[in-house]
Amino acid sequence: MNYFPSIFIGNVTTTPQGLTSAITKKLVDGNIKLFTLGLEGDEQAETRFHGGSDRALCHYPQEHYTYWSESFPELADFFNAPVFGENISTVGMTEDNVFIGDIYQWGNTLIQVTQPRSPCYKLNTVTGISHFSQIMQDSGYCGWLYRVISTGDTGSHHPLVLVSRNSDVSVKEAIAIAFHMPFDETLYRRLLGAAGLSASWCKTMQLRLQNEKIESFEQRLFKKS
C-alpha cells in the first residue's frame, strides 16, 4: 500500500513559552531535497533526543490526533499536525503496522525506521499539560524516527512505499519493551536483534543488560536530574 505524506519543516526559534525549539513547523508542498541529516531547511534544537543520522526524520500518525482531541476536548483545535514537531504525517501507518528496520522508498530516496520517538519534556511546555510527555509515552502513541539511507528528491506527491521488512519487531512492541514492561533480559535481546535499530537504542538496551536495571526516564520526560 502507498501512503502519501504531509511534510513539515521548521527552524530553531524561541516559542511564546520561552522554549528554544524547532517543534513549530510549516507545511511544505511540492519537491524537497532529503539529505543524510534530514529535509532541506529543517533544524533540530535538542540534539540529545532529536536529529543525527539515526533520527533524521520524525513520523507521527495523523489518526492519533483524534485520540488526543477526544482525551483533551478543551484542546481539540490545537491537536493537529504538526503540533508534535513531526516531519511526516500520514493516514494508515501506525505503530502497529510499521516495524523496526522497515525500508521505504520515498521519491528517489530510501528511508529506514530506526526507533520509536522518545517523548521529551518539551511536549509538556508546548501543550501546556505538565506531564504530557509521560501521557504520550504511556499511551504508546509515540510515532517513530528514520535514518536516510539514500538521499535525493522527494515531496508530498511521492508516496511512502514499503520495499523491505527486516525485523519482526513492530514499533508498538519496541515501545512496550522500552517503556511499559518490567526488566526482561529476553525482550531486550530481542529488540537488540532487530535489524536497523538506532545506535542510541542499542546502547540503552545494552546498558540495561549490563546494569541489570531500567534507566530513569525523569530527565527526558520532565527535565529533572
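A search of the whole structure, a predicted model, finds 18 aromatic pairs. Rings of Phe, Tyr and Trp (its six-membered ring) pair if their centres lie within 6.5 Å; planes under 30 degrees apart count as stacked, over 60 as edge-to-face and the rest as tilted. Phe 72 and Phe 132 form a tilted pair, at 6.1 Å centre to centre and 55° between the planes. Phe 72 lies in the loop between helix H1 (64-71) and strand S9 (88-89), and Phe 132 in helix H3 (residues 132-139), so the pair ties together parts that are 60 residues apart in sequence. Helices (H or I, at least four residues) and strands (E, at least two) are DSSP runs, numbered from the N terminus. Both Phe 72 and Phe 132 are buried, that is, under 20% relative accessible area (1.4 Å probe, protein chains only).

The ring centres of Tyr 104 and Tyr 146 are 6.4 Å apart with planes at 90°, so this pair is edge-to-face. Tyr 104 lies in strand S10 and Tyr 146 in strand S12, so the pair ties together parts that are 42 residues apart in sequence. Tyr 104 and Tyr 146 are buried.

Strand S10 (residues 103-106) runs antiparallel to S11, joined by 4 bridges. Strands pair if DSSP finds at least two bridges between them. S11 also pairs with S12 (residues 144-150), antiparallel over 6 bridges. In S11 (residues 109-116), 7 of the 8 residues are buried.

Residues are numbered from 1 along each chain as its sequence is written. Local features need pLDDT of at least 70, side-chain atom pairs count only at pLDDT 80 or more, and totals for chains, interfaces and linings use all residues, while side-chain values use heavy atoms, leaving out hydrogens and water.

Key:
Buried means under 20% relative accessible area, exposed over 50%, partly exposed in between (1.4 Å probe, protein chains only).
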